[in-house]
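Please read it alongside the sequence and the coordinates.

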Amino acid sequence: MIGKIIAGSSFAGTVGYVMKEQSRILAAEGITPPDVRDIVQDFKDQTLLNPRIKNAVGHISLSFSPKDAPRMTDSLMRDIAKEYMQRMGITDTQYLLVRHLDQPHPHCHLVYNRVSNDGQTISDKNIKIRNAKVCRALTEKYGLHLAPGKESVRRERLREPDKTKYEIYDAVKTNLPNCGSWNDLELRLKERDISMRYKYCGSTNQKQGVLFSKNGFEFSGSKIDRQFSYSKLNRHFTQAQQQTQYRATLAKEFHAAIGNYRSAFTDLFGNAGGSGNKRPIANDSINFGGSIGVLPLPPNDSPIGLPAAQLRRKPGESPEEHIARITALLNTAAEAMAVAAIEQKRRQRERKTKMKL
């Protein structure tokens, strides 16, 4: 379930929109449906109780997942909408609740008067925050599915400026995972004829907002989607850069561990060849591919145990976790082999000394 707060400047336009052909009135209070003109006049008459309110139009759409369609009867939708109103503090006022039938996902529109029956103001303070909390609570209470996101919107039915807004949304959503900086994103969007500019704090160079434009329309990032606000995108790029640095450090440590391991392995398990060079004993190995290639493993009868299974990636293990783990294993094995090699050389010296005696 998702609630969308919709700006409305007049009761005539809002009621005219919700009372479309493919619709059904679920509930009404303080007004006389179904005639649109009568409904609008009823709303207007009550606003005279509090002429200080500049915009008395309240308009919220409540959308449900297509998965909930089989059980979303008019009665259930009405009950959920009324509980939503109670939790949102939309009480003791005129309202019209209309179900629309033109989309595959069930949804309804709530039009209400922000001037209550006794002339008080129905507050819209922090309404978006309260709306998100109430929708989440009702979704859990009624066992509902999440309502369809932007990916489910039928692009071919959109009109401007929504058509362009969704084109920008799709472009940012598609390219963002491959962008590690603002410059990366700007270059990729430029290929899609989308330009970017920033909003600054006063007369300073401190950025505080980002705007995207295409086809003569311009939208702030948060208007396209909350996840595309300047602060959230900047956090994404900061984390991406930190992740890149972390991966570079991991790779450096991994290659150093490989070098230490190969050296220690040769010292301990190498045989003197005819040319005096040491050659590793043929043994089990693991192939890391790329620049690493095949890595020999200690013999089964060796006190240093490092099975190939330990070096393979575990189910659910991220690449970073895998590299960090095997780096630690290789370093531990290299240290153990270095100690064993020193002890081996000590015993060889003792044998040579005894042979001389």
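Ser 229 is buried, with 14% relative accessibility, in a model that is predicted. The serine sits in the loop that joins α7 (221-224) to α8 (230-269).

**Two buried residues**

- Beyond residues up to four places away in sequence, Ser 229 touches Gly 221 and Ser 222.
- Ser 229 falls under the 20% limit for buried residues, because its relative accessibility is 14%.
- Phe 11 belongs to helix α1, which covers residues 11-18.
- With a relative accessible area of 6%, Phe 11 is buried.
- Neighbours within four places in sequence aside, the contacts of Phe 11 include Gly 16, Val 40, Phe 43 and Thr 47.
- Ala 56, Val 57, Val 111, Tyr 112 and Asn 113 are also in contact with Phe 11.
- Tyr 112 is 101 residues from Phe 11 along the chain, and the C-alpha atoms of the two are separated by 9.2 Å.

**Packing of α3 and α4**

- Two packed helices are described by the angle between their axes and the distance between the axes.
- Helix α3 spans residues 74-88 and helix α4 spans residues 127-141; their axes come within 10 Å and cross at roughly 140 degrees.
- The two helices are therefore oblique to each other, since an angle has to be over 145 degrees to count as roughly antiparallel.
- The crossing of α3 past α4 is right-handed.
- On the α3 side, the contact is made by Ile 80, Glu 83, Tyr 84, Arg 87 and Met 88.
- On the α4 side, the residues met are Ile 127, Arg 130, Asn 131, Val 134, Cys 135, Ala 137, Leu 138 and Lys 141.
- Sorted by class, this contact of α3 with α4 has eight nonpolar, one polar and four charged residues.

**Salt bridge within α3**

- The whole structure has 15 salt bridges, one of which joins the side chains of Arg 87 and Glu 83 at 3.0 Å, N to O.
- Arg 87 and Glu 83 are four residues apart in helix α3, so about one helical turn separates them.
- Arg 87 is partly exposed at a relative accessible area of 41%, whereas Glu 83 is buried at 16%.
- Both Arg 87 and Glu 83 are also listed in the contact of α3 with α4.

**Other salt bridges**

- The side chains of Asp 124 and Arg 114 form a salt bridge of 3.5 Å, N to O.
- Asp 124 and Arg 114 each lie in the loop between β5 (107-113) and α4, so their pairing ties together parts that are ten residues apart in sequence.
- Asp 124 counts as partly exposed, at 40% relative accessibility, while Arg 114 is buried, with a relative accessible area of 11%.
- Glu 317 and Arg 325 meet through their side chains in a salt bridge of 2.8 Å, N to O.
- Glu 317 is buried, with a relative accessible area of 11%, and Arg 325 is buried as well, with 18%.
- A network of salt bridges links Glu 343, Arg 346, Arg 347 and Glu 350.

How values were computed
Residues are numbered from 1 along each chain as its sequence is written. This is a predicted model: local features need pLDDT of at least 70, side-chain atom pairs count only at pLDDT 80 or more; totals for chains, interfaces and linings use all residues. Side-chain values use heavy atoms; hydrogens and water are left out. Axes are lines fitted to C-alpha atoms, for helices over the stretch in contact, and angles run from 0 to 180 degrees between N-to-C directions. Angles under 35 degrees count as roughly parallel, over 145 as roughly antiparallel, 65 to 115 as roughly perpendicular and the rest as oblique. A crossing is left-handed if the near helix is turned anticlockwise from the far one by less than a right angle, and right-handed if clockwise. Contact means heavy atoms within 4.5 Å. Ala, Val, Leu, Ile, Met, Phe, Trp, Tyr, Cys and Pro count as nonpolar, Asp, Glu, Lys and Arg as charged, and the others, Gly among them, as polar. A salt bridge is a side-chain nitrogen of Lys or Arg within 4 Å of a carboxyl oxygen of Asp or Glu. Buried means under 20% relative accessible area, exposed over 50%, partly exposed in between (1.4 Å probe, protein chains only).
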